[in-house]
Amino acid sequence: MSTNIEERHEPTGGSQRLSLRSMLIWGAIAVVGAVCWAVLALSRGEQISALWILFAALASYFIAYRFYARFIAYRVLKVDDTRATPAERLENGMDFDVTDRRVLFGHHFAAIAGAGPLVGPVLAAQMGYLPGTVWIIVGVILAGAVQDMMVMFFSMRRDGKSLGQMVREEIGVVGGTAALIAVFAIMIIILAVLALVVVNALAESPWGVFSIALTIPIALFMGFYLRFIRPGQVMEVTAIGVALLLLAIIGGGYVEQLGLENALTLSKETLTLCLVGYGFFASILPVWMLLTPRDYLSTFMKIGVIVLLAAGLVLANPMLENEAVTEFGREGTGPVFAGKLFPFVFITIACGALSGFHSLISSGTTPKMIAKESHVRMIGYGGMLMESFVAISALIAASVIDQGLYFAINSPAGATGGNPEAAAEFVRTLGFTISPADLTNAAQSIEEQTLISRTGGAPTLAFGISLIFTEAFGGALAAFWYHFAIMFEALFILTAVDAGTRVGRFMLQDTIGNVWRKYDDISWKPASWSASAIVVALWGYMLYVGVTDPLGGINQLFPLFGISNQLLAAIALTLCVSLLIKHGKTKWAWVPGIGLAWDLIVTMTASWQKVFSDNPTIGYFKQRSVYQDAIDNGQLRAPARDMDQMQQIVTNSTVNGVLQLVFALLVIVVVVNAMVIWVKAVRAGGLPTTEVPHQPSRLVAPSDFFATKAEKEAVRRYEELIRAGDER
């Protein structure tokens, strides 16, 4: 016997007449948003409060979730809660596992919210606060959240198949094969850059290493506690986990007194090996044991920090220190990264507005754990809006820092010299003023040896957060807040590495499974373990390349990461357009089509410039030729210190250029093949798809964050039936 909630499944598209009270509330939110956007658009040449950005974002997010996401869910996708999801039909306790919507929201948000929403906005702040603000907010509403929600829905309707496998089955062998290769290769680059940000943040930081290491046993304890000791007690185990997490952060401040400082002061190379080992074991353990509780725990900390940051911004009311649009954005000569505002702001801020990596999670772990179809709105669209808010917070944090300090932190060591005197002189050449004493004092205030050339974005964001919290809440706690923020960032990224490695394993098994059917069985340990080992070895190699790159791994790999990530989004959005047309919903193809068109314009322009630009600070091949000519002439060119590093730059630039070119060509192949399918489907009024047949669901669950009165009553009746069945 089953009981189902039907109030949320609205064939007419979920259209409901708003009450007068609702109209007044949403009207007020719209007015607040409009005023904030007007101030941001019209202010030039004067300092303005960061709160204008904060409230413009919040108003936009609320309206988008309430109206646009609902429209997509019920009018375009037609979610159906009477239909059993893969988690219900195929539950095995390993990968397919019916999960509480709140816990799954935490897992999904933690998995998608990696380095991108933290690092990209920080780096893009050199172009000014306005371009990043517009792209983060408008991009997520019309592209990023749409992609995440739709890919999750289509994967769920196909038993949780991976993005590459869906493209192969729905678009054809040629386009699908190109997509499988591109998706897997791009994912390796993405995971390597995510891990690189962690390495840069934790290197030579025993406090951070201590706190992050303890999150692993804490998550394992939570997993076993919720599985065997107190099943179903989500809030109870959450309270315990959060308390232990705070103790881990506080305990990190005592590593010196505990005699652990030397043991936990790890080099970048050592941290690389640790991350590779961790990534392997995390990807082969059952999801309930480490992945889900760690992600859920991480999400509580992440959301808590972001809410706290929003409150801190309101209390501190900091002023934006950078311009709306800087000369670096107009001329493309910034020291953090080279390139003009278009197209580079749109690929530097990858996650937070639009991220192809999210499509891997939305077609990987999450659709195998969804209880009800209506949850795709809350988890897919809502989760991406939350990440976008993280990106806005990161942009604000970077924009309220003294700009001289900002450039001292984010410019490569080859430019700053790595010491206060040289860094202060370098900053002066950029048109900003900061003394060596100021740089030293800034580092001492957070109990770090130095902040100079701590590239990667994470240290800048952490310093900005500590600045805001200290101003808002008072007290001499700058060091605590800084390391609290570092842990917050590292947790963000590690959870993405966890989930990403597992998704990579799924993808590799799917791909090899096309020629060896047994390897496609995700429950067969020889296949799952070997696939995990291959995945971590590949991104581990790219991580090591980034760690040892003389030009700075972030400076070299982040543009490749950004463009590749958005190329991956183009593949995902192409799939979404294709499936809508194949299902006979051509009139709604514009919903993902808007994001696809803009994404292709941006990524193809950026790919062309990174491959063929004659500016050696932008074009990979031009950079290669400049250093190769220097080698041929026996010359040493900065920042290389010897000929081995010169050769390393040549090799890395060549590899990066080839990868960028290949990725762009593969995406073109996918899109062209998809267009052929679009024409055939439009002419035929639709084409067959691989969507699994409808099977009735026996589960009952609310469809959003907060249950309605009717949903609560339905859940109560369902639980009574379950208890009655158990008693019989």
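Leaving aside its neighbours within four places in sequence, which residues is Ser-363 in contact with? They are Val-151, Ser-155, Gly-160, Lys-161, Ser-162, Leu-163, Met-166 and Lys-368, where contact means heavy atoms within 4.5 Å. This is a predicted model, in which local features need pLDDT of at least 70 and side-chain atom pairs count only at pLDDT 80 or more, while totals for chains, interfaces and linings use all residues. Residues are numbered from 1 along each chain as its sequence is written, and side-chain values use heavy atoms, with hydrogens and water left out.

Ser-363 lies in the loop between helix 16 (356–362) and helix 17 (375–399). Helices here are DSSP runs of H or I with at least four residues, numbered from the N terminus. Ser-363 has a relative accessible area of 2% and is therefore buried; buried means under 20% relative accessible area, exposed over 50% and partly exposed in between, with a 1.4 Å probe and protein chains only. Thr-366 also has its place in the loop between helix 16 and helix 17. Its relative accessible area is 0%, so Thr-366 is buried. Not counting residues up to four places away in sequence, Thr-366 touches Leu-104, His-107, His-108, Met-152, Ile-361 and Ile-379. Ile-186 is 180 residues from Thr-366 along the chain, and the C-alpha atoms of the two are separated by 20 Å.

Helix 21 (residues 436–445) shows how burial can be arranged around an axis. Leu-439, Ala-442 and Ala-443 are buried in helix 21. Seen down the axis, the buried residues of helix 21 fall within an arc of 95°, so they line one face of the helix; the arc is that of the directions from the helix axis to the C-beta atoms. An α-helix has 3.6 residues a turn, so residues three or four places apart point the same way. What covers the buried residues of helix 21 includes helix 18 (403–410), helix 20 (420–429) and helix 22 (458–473). After helix 21 comes Glu-447, with a positive phi near 60°.

Next come the cavities. A search of the whole structure finds 2 cavities of 30 Å³ or more. A cavity is a set of points, on a 1 Å grid over the protein atoms alone, where a 1.4 Å probe fits but cannot get out, and lining residues have an atom within 4 Å of a point. Grid points are joined across faces, edges and corners, and a volume is the space filled by probe spheres set on the points. The largest cavity holds about 50 Å³ of space. Its lining consists of Arg-83, Ala-84, Thr-85, Pro-86, Arg-89, Met-156, Arg-157, Glu-373, Val-692, Pro-693, His-694 and Gln-695. By class, this lining has 5 nonpolar, 3 polar and 4 charged residues, with Ala, Val, Leu, Ile, Met, Phe, Trp, Tyr, Cys and Pro counted as nonpolar, Asp, Glu, Lys and Arg as charged, and the others, Gly among them, as polar.

The whole structure also contains 26 aromatic pairs. Rings of Phe, Tyr and Trp (its six-membered ring) pair if their centres lie within 6.5 Å; planes under 30 degrees apart count as stacked, over 60 as edge-to-face and the rest as tilted. Phe-480 and Trp-481 form an edge-to-face pair, 5.4 Å centre to centre with 65° between the planes. Phe-480 is partly exposed at 22% relative accessibility, whereas Trp-481 is buried at 11%. The rings of Trp-608 and Phe-612 have centres 4.5 Å apart and planes at 50°, so this pair is tilted. Both residues lie in helix 26 (residues 590–612), 4 residues apart, about one turn of the helix. Trp-608 counts as exposed at 57% relative accessibility, and Phe-612 as partly exposed at 43%. One aromatic cluster is formed by Phe-469, Phe-473, Phe-480, Trp-481 and Phe-484.

The backbone remains. Most residues other than glycine have a negative phi, and most peptide bonds are trans. The peptide bond from Phe-342 to Pro-343 is cis, with omega near 10°, and Pro-343 has its place in helix 15 (residues 341–348). Asp-159, in the loop between helix 6 (129–156) and helix 7 (163–171), has a positive phi near 60°. Asp-159 is partly exposed, with a relative accessible area of 24%. Asn-317 has a positive phi of about 45° and lies in the loop between helix 13 (287–316) and helix 14 (327–331). At 35% relative accessibility, Asn-317 is partly exposed.

Conventions. Helix = DSSP H or I, 4+ residues; strand = E, 2+ residues; numbered from the N terminus. 1 Å grid on protein atoms, 1.4 Å probe; cavity = no way out; pocket = protein on both sides within 12 Å on 5 of 7 lines; lining within 4 Å.
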